[in-house]
Amino acid sequence: MVTALLFRSSWRFHRQHPLQLMLSMFGIILGVGIVTSVLITNHSAVRAFALSSEALYGRATHQIVAANAIPDEQAALFIRSNPSLTIAPIVESEALLNGTLITLVGLDPFRESEFARLQPNASMSDSDSNTQVGVTALLDAKNPIWASDATAERLKLSLGDPINMGELEATLVGTFRTASRAASDGLLVTDISVAQALSNKRGKVDRLEMVLSDAEANALSTTLPAQWRLQATAQRQATMQAMTKGFQINLTAMSLLALLVGMFLIHNTMTFAVLQRREVFAVKRLVGIPASGLFGIVMTEALVFSAIASLIGLLVGILIAQKLLQLTTQTINDLYFVLHVQQIHLSPWVLLAGLILGIGSSVLAATLAACEAASGSAMQARRRSAVEEKTKTLLPWLLLAGLVFLTLGAALAWFPSQSLLLGFGALMIVIMGYGLCIPWLSQRLLNLLQTVMGQTHVVVSLALGSLTSNMSRTGLAIAALAVAVSATLGVQIMIGSFRHSVDNWLTQTLQSDFYITLGDTDGTGRSSAGQTNNQWLQKLNEINGVQDISTGLVVDAVTNFDTFDLLVLSPSAISESSYEWLDTHPDGSWQMFMNEQSILISEPLANKYSLSSGSMMRLFTETDGDVAFTVAGVYRDYGSSHGRLVIRRSLYDYYWNNPRVGSIGVNVNTAADRTSTIAAVREHTNQLPIPARVRDNISIHAESLAIFDRTFSVTRVLRWLTMGVAFIGIFSALLAMHLERARDFAIMQASGGSHHQLRQIIALQSLAMGIAAGLLAIPLGLLMSEMLIHIINVRSFGWSMASTLPISAIPQTFLLALASAALAGLYPAWRLSRQSLVSELRSE
Amino acid sequence: MSQPAVEVTGITHRYNTASQRPILNDLSLSLAAGETLALVGASGSGKSTLLNLIGGLEPVQEGYVRVFNETLHDANNALRTELRRSIIGFVYQAFNLIPTLSVVDNIRLPLALAGVHKTEQDKRINRLLDTVGLTDKKNAFPDVLSGGEQQRVAIARAVVHQPALLLADEPTGNLDASTGQQVLNLLQSLVAEHNTTLLMVTHSLKVANCADRILAMNDGQLVEMNDNTDSINTW
């Protein structure tokens with residue numbers, strides 16, 4: 001009965017303050033929405049990866065790979081020699097079709113039934129009703145291609161449409177379906193020979209897929225030639241998924257930051273709700289309701305409201321995830337591997353996680369407010385000044401707690417570990433620690449402002465005086481805004497520093513004046529490469545104005561650690577200067593690279609596997625199988641977070657039989673005319689029988705930076721969403737604070753204060769809070785940027801970089817805080833100027 | 001004959017809907033400068049509403065209100081604010097002190113809002129603190145003061161800008177008999193000192209008897225006083 005009465009009383013209070021309740025719930029909704037959207041996006045990417053793997057590998061358990069693909073005749077011989085094994089040769093490549101990145105798989109239709117690759121609805125048999133065109137079409141049509149329903153629909157492809165890829169034109173002769181529509185999105189299938197022709201891989205297959213038992217796999221692995229390697233399909237998938245882990249953790253951490261800011265907001269609102277009812281609570285305790293009862297009421301309120309808001313937050317999260325997914329997929333495609341994700345995958349576990357995070361953080365944030373409601377004597381709770389006195393006493397303790405957190409965070413940050421989670425833990429503890437220091441620092445700042453400016457005008461004095469005497473409210477609001485604004489500064493500096501470093505790196509790396517890319521680029525930046533001949537290269541070198549040339553080819557290299565991009569480099573005279581050394585060999589890195597059995601490795605690879613110059617690395621070669629190479633040096637590289645190797649052409653040619661060239665760097669003589677030289681280079685390039693593209697280093701530089709900017713779009717979106725939560729926080733804090741003080745403002749008006757003065761007071765208070773938040777956000781923002789650059793980035797991607805502080809970042813941050821606070825003060829000012837004086841003066 | 005300090009003519013006032021019975025119904029009243037008038041009546045009879053209209057806290061709906069030659073019935077918000085700042089002071093039953101401002105700052109508020117120089121502010125405040133006997137508590141916050149002390153602060157705040165008209169709504173309503181008497185004495189002495197016109201709403205006969213004139217209100221109209229008025233009690 002008593003409980004029912006208490007809840008009725010609470011309900012009535014919240015009904016009387018709908019806007020406050022709405023804002024609080026809106027904060028939770030947005031916080032939960034952001035976290036859930038990131039969880040859904042990450043889950044969708046993982047799920048899409050699993051589905052596409054399912055579509056690509058079917059029942060295949062193992063695959064045989066070679067250092068440089070498997071020649072057709074060797075593959076055929078192996079299949080013939082092992083009639084008891086289920087084996088399917090596969091050619092796989094990525095290509096751009098109508099501007100969209102697709103995966104082209106070449107397979108042997110007569111061997112597909114055992115793999116259930118496109119099963120159950122899409123086999124390549126003639127009789128299968130789900131396949132609109134069967135084997136007959138495959139045999140009859142010229143370069144026939146099948147598209148999945150999802151791909152055909154998305155790319156608006158119709159049967160009979162010509163499909164231009166590479167040097168050949170194919171024809172869409174049919175469509176297929178898989179069990180999951182999403183699994184086959186972005187997938188085109190064709191015969192092996194067509195795929196080889198389209199992807200410029202004539203005479204070779206990428207892998208042999210097999211369905212093997214463990215015993216068969218063990219037996220087979222011992223009999224394989226040294227140049228071949230047997231690997232489990234699941235292991236390959238796990239390796240690829242691990243590549244994106246750091247990126248996904250980064251996104252999750254950014255979203256948790258939004259939730260942390262949301263927690264400030266929830267705590268703020270619940271505290272206000274308790275403070276506004278302090279007299280009601282006091283009366284309740286006077287009539288005999290125990291402190292635990294009041295604690296229970298506040299906690300139940302938090303639970304109910306956060307549950308409702310979190311449920312709505314889940315829906316918002318689903319909506320945000322739709323947009324976020326596109327940005328995330330783009331980044332994964334730019335940085336890691338090709339992934340076709342068009343739709344979100346909702347998992348009950350992901351939604352439950354979002355719900356638990358929302359409710360859990362809200363209840364946690366409300367605990368202090370509930371303690372506030374339950375603590376102190378009944379009479380003391382009635383006294384408004386008692387709350388402020390208590391706050392004043394509490395501030396130094398909060399500062400102390402904050403300093404302890406900061407110390408702990410710093411200790412964790414500098415703890416010798418490569419754990420990304422530990423790094424983010426340290427970052428979060430530092431943010432929380434600084435957040436706890438903010439109320440004390442705000443008080444000092446506002447006092448200083450009061451001393452300096454308080455004498456200038458009565459309105460200034462009243463406004464600032466009121467802020468310092470209401471620290472229980474203002475401290476929290478400033479903390480919430482400062483943390484959010486600092487996050488935007490920290491991320492801005494991190495991205496800025498990263499961009500600056502990439503810019504410098506590109507300038508150093510792109511030493512040649514022009515680059516010729518041979519073959520088609522597949523949209524991931526990697527060229528399909530082409531066969532050139534020495535005579536053509538010699539003639540290119542002899543063009544008037546060309547000083548010298550370098551050639552490069554990027555291939556997959558299987559090593560004793562993982563599979564990495566291997567750059568096969570035939571250097572020019574200036575190639576050495578395109579490398580920034582981070583670790584050199586005592587014998588001279590470049591000299592060793594050019595003369596010894598050695599390779600160069602990029603920084604992320606060195607960091608991930610603790611390698612340095614002098615370390616040994618085993619590469620899986622085409623001629624001799626596993627061969628050891630010495631690391632001649634570690635160089636800076638922002639091209640791949642997974643890691644990259646460089647080998648000189650002559651050494652590569654010794655162990656591999658792949659004479660193709662992917663790109664050519666052309667250096668122009670300084671005295672030569674660039675325009676006529678490039679025209680001559682273009683003319684010479686046009687003689688090649690394969691597609692080729694000539695670009696100058698400036699356009700490649702610009703294109704690379706554009707891709708860089710694209711990869712950070714998702715971070716920027718999350719940053720602004722976090723700022724949105726903070727804005728609601730400061731808005732709700734200011735509104736609650738001003739509404740609670742409506743009576744004080746009415747007294748001021750009754751004592752001769754004009755509407756104009758009132759508005760000035762509120763505007764000044766908002767500005768003062770903005771100034772405090774802006775100033776206090778700067779040190780935290782700088783601290784965050786340092787941690788993001790030197791700890792999080794290194795642990796996530798393996799990239800080190802120097803901090804660069806953009807000149808405009810600090811004033812921008814300050815203005816952002818100021819503008820947010822000023823904007824948030826507009827509505828309370830308008831609302832207060834319309835309040836009924838009499839009803840406020842009457843209310844007690 | 002000199003111009004009246006307060007002149008109310010035919011005012012009618014309603015809360016909410018037009019169909020509701022008016023809280024003030026065609027009421028007229030005149031108050032001479034320096035006069036003390038006590039307004040008595042049952043709860044809901046419209047006493048406080050009349051006070052609020054004269055004080056410019058609410059706009060006049062029908063009728064005319066003139067305070068020291070300033071018309072309030074057609075005054076905009078800014079003018080009403082200006083009048084409160086210059087010639088009107090308020091004392092409330094619930095004291096209405098700002099809890100986060102100290103005693104001295106509460107008293108300073110009207111002077112600060114009116115832009116009075118700091119030296120002048122301090123001079124007037126110190127004198128008043130001495131008069132109300134709260135010099136030793138000038139830095140205390142309102143909620144640590146007793147009811148009587150809080151009302152003395154409220155009175156000091158109401159008169160610190162030396163208003164010509166003081167409006168007091170149940171000034172002793174929240175106080176015990178002895179404290180109420182002290183507050184009343186203080187009010188009277190301050191009013192007398194500056195020849196301030198005082199319009200006071202009260203339920204108390206003792207308080208009302210201190211006034212030069214007593215008027216009773218019933219159903220939004222002024223009525224003849226009789227000794228059996230139920231609403232008047234004693235303390």
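Predicted model: local features only at pLDDT ≥ 70, side-chain atom pairs only at ≥ 80, totals over all residues.

Let's start with chain A as a whole. It has 28 helices and 19 strands, and out of its 844 residues, 50% are buried. Take the contacts in chain A with a separation of 6 or more: 84% of them link residues 24 or more positions apart.

Now for the cores. The largest nonpolar core has 196 residues, and the residues with the most contacts inside it are A:Leu481, A:Ala482, A:Ala773 and B:Ile155. Helix α17 of chain A, residues 471–509, gives the most to this core, with 20 residues. Domain 1 (1–58 + 238–382) and domain 3 (386–510 + 704–844) of chain A both give residues to this core, so it lies between them. There is also a second, separate core of 81 residues, and A:Ala95, A:Ile516, A:Leu569 and A:Ile601 are among its members.

Next, where do the chains meet? On chain A, 25 residues are in contact with 25 residues of chain B. The helices in this table each give two or more residues to the side of chain A that touches chain B.

| Helix of chain A | Residues |
|---|---|
| α14 | 384–413 |
| α16 | 458–468 |
| α25 | 742–750 |
| α26 | 755–797 |
| α28 | 837–842 |

The largest share of that side, five residues, comes from α25(A). Sorted by class, the side of chain A that touches chain B has eight nonpolar, 12 polar and five charged residues.

Let's zoom in on a single residue. A:Thr41 is found in helix α2 of chain A, which covers residues 18–57. Is A:Thr41 buried or exposed? It has 30 other C-beta atoms within 10 Å, and 20 or more is the cut-off for buried, so A:Thr41 is buried. Leaving out residues up to four places away in sequence, A:Thr41 touches A:Ala321, A:Leu324, A:Leu325 and A:Thr328. As for A:Val105, it sits 64 residues from A:Thr41 in sequence and 26 Å away in space, C-alpha to C-alpha.

Finally, hop over to chain B. Helix α3 of chain B, residues 103–114, is mostly covered, with 11 of its 12 residues buried. The buried ones include B:Val103, B:Asp105, B:Arg108 and B:Pro110. After α3(B) comes B:Gly115, whose phi is positive, near 75°.

Terms used
Residues numbered from 1 in each chain as written. Chains lettered and ligands numbered in written order. Helix = DSSP H or I, 4+ residues; strand = E, 2+ residues; numbered from the N terminus. Contact = placed C-beta atoms within 7 Å. Nonpolar A, V, L, I, M, F, W, Y, C, P; charged D, E, K, R; others polar. Core = buried A, V, L, I, M, F, W, Y, C linked by C-beta atoms within 7 Å. Domains from an automatic or database assignment.
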